[in-house]
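The following report goes through selected contacts and pairings of one model, with the criteria stated as they come up. Please keep the sequence and the coordinates at hand while reading.

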Amino acid sequence: MLLIAVCLLVGGTAFLAPATLAQADYSDCVNSNNSLTVTQTSTMDNLAPGVPPVPIAGRVLNNSSEETTIFIVEVEITSVTPSPRAPAQSCNASDYILINPRMPVHRTLKPHESVRFAGASIGLRNKTTNQDACKNATIHLLYTANPTG
């Protein structure tokens, strides 16, 4: 049985300004079969060119009445929404970098048991173009809990 949970989370970024905490919108979590919930627990703040990427971490919860094994959790950037106060320049997923987006879990979860995941990180690419539009942007991340390696 293929069990995949998808959770769209958003995070605010800061660019050459004081750090702002990420805003996670858990109302956008969607489970493909209500068996798993994937939740981001880390914040994404102080993303700026030349600043090291920040860690990504979270938790997978087995909502099922059956055991399930999770081998990896994958994260990807699906889109970026610039702040309404951002300059007219573009800010999109190509402005960001994900490092180690496949996070190993290798754990069998009993019903209603959860496990933490970590290992990925996200940063702002250092581009030659103006990235002011990325200041306080919202990064939409998609998490997939994969029961196969």
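Leu47 is found in the loop between β3 and β4, where strands are DSSP runs of E with at least two residues, helices are runs of H or I with at least four residues, and both are numbered from the N terminus. At 2% relative accessibility Leu47 counts as buried, since buried means under 20% relative accessible area, exposed means over 50%, and partly exposed covers what is in between, with a 1.4 Å probe and protein chains only. The C-alpha atoms of Leu47 and Asn136 are separated by 9.4 Å, although these residues are 89 apart along the chain.

The model is predicted, so that local features need pLDDT of at least 70 and side-chain atom pairs count only at pLDDT 80 or more, while totals for chains, interfaces and linings use all residues. Residues are numbered from 1 along each chain as its sequence is written, and side-chain values use heavy atoms, with hydrogens and water left out.

**Sheet**

An open sheet of 4 strands, with antiparallel pairing, runs in the order β3-β4-β8-β6; two strands are taken to pair if DSSP finds at least two bridges between them. Its edge strands are β3 (36-40) and β6, each of which pairs on one side only. From one strand to the next the twist averages 30°, with axes being lines fitted to C-alpha atoms (for helices over the stretch in contact) and angles running from 0 to 180 degrees between N-to-C directions. Within this sheet, β3 and strand β4 (residues 54-62) pair in the antiparallel sense over 5 bridges, and Thr39 has Arg59 in β4 as its bridge partner.

**Disulfide**

What does a search of the whole structure find by way of disulfides? It finds 1 disulfide, the term standing for a pair of cysteine sulfur atoms within 2.5 Å. The disulfide joins Cys91 to Cys134, with an S to S distance of 2.1 Å, and the link is right-handed, with 110° about the S-S bond. Cys91 lies in the loop between β5 (68-81) and β6 (96-99) and Cys134 in the loop between β8 (114-124) and β9, so that the pair links distant parts of the chain, 43 residues apart. Cys91 counts as buried because its relative accessibility is 6%, and Cys134 is likewise buried, with a relative accessible area of 0%.

**Salt bridges**

Side chains of opposite charge can pair when their charged atoms come close. With a salt bridge defined as a side-chain nitrogen of Lys or Arg within 4 Å of a carboxyl oxygen of Asp or Glu, the count comes to 3 salt bridges, listed below.

| Arg102 | Glu74 | 3.5 Å |

Arg102 forms its salt bridge with Glu74; Arg102 lies in strand β7 (residues 102-109) and Glu74 in strand β5, so the pair ties together parts that are 28 residues apart in sequence. Arg102 is partly exposed at 44% relative accessible area, and Glu74 is partly exposed at 25%.

A search of the whole structure finds 1 aromatic pair, where ring centres of Phe, Tyr and Trp (its six-membered ring) must lie within 6.5 Å and planes under 30 degrees apart count as stacked, over 60 as edge-to-face and the rest as tilted. Phe117 and Tyr143 form this tilted pair, at 5.8 Å centre to centre and 50° between the planes. Phe117 lies in strand β8 and Tyr143 in strand β9, so the pair ties together parts that are 26 residues apart in sequence. Phe117 is buried, with a relative accessible area of 2%, and Tyr143 counts as buried at 0% relative accessibility.

His140 also lies in strand β9 (residues 138-146) and counts as buried at 15% relative accessibility. A polar contact of 2.9 Å joins the side chains of His140 and Thr81, a polar contact being a pair of N or O atoms within 3.5 Å in which, within protein, one must be able to donate a hydrogen and the other to accept it, and residues adjacent in sequence count only if both atoms are side-chain atoms.
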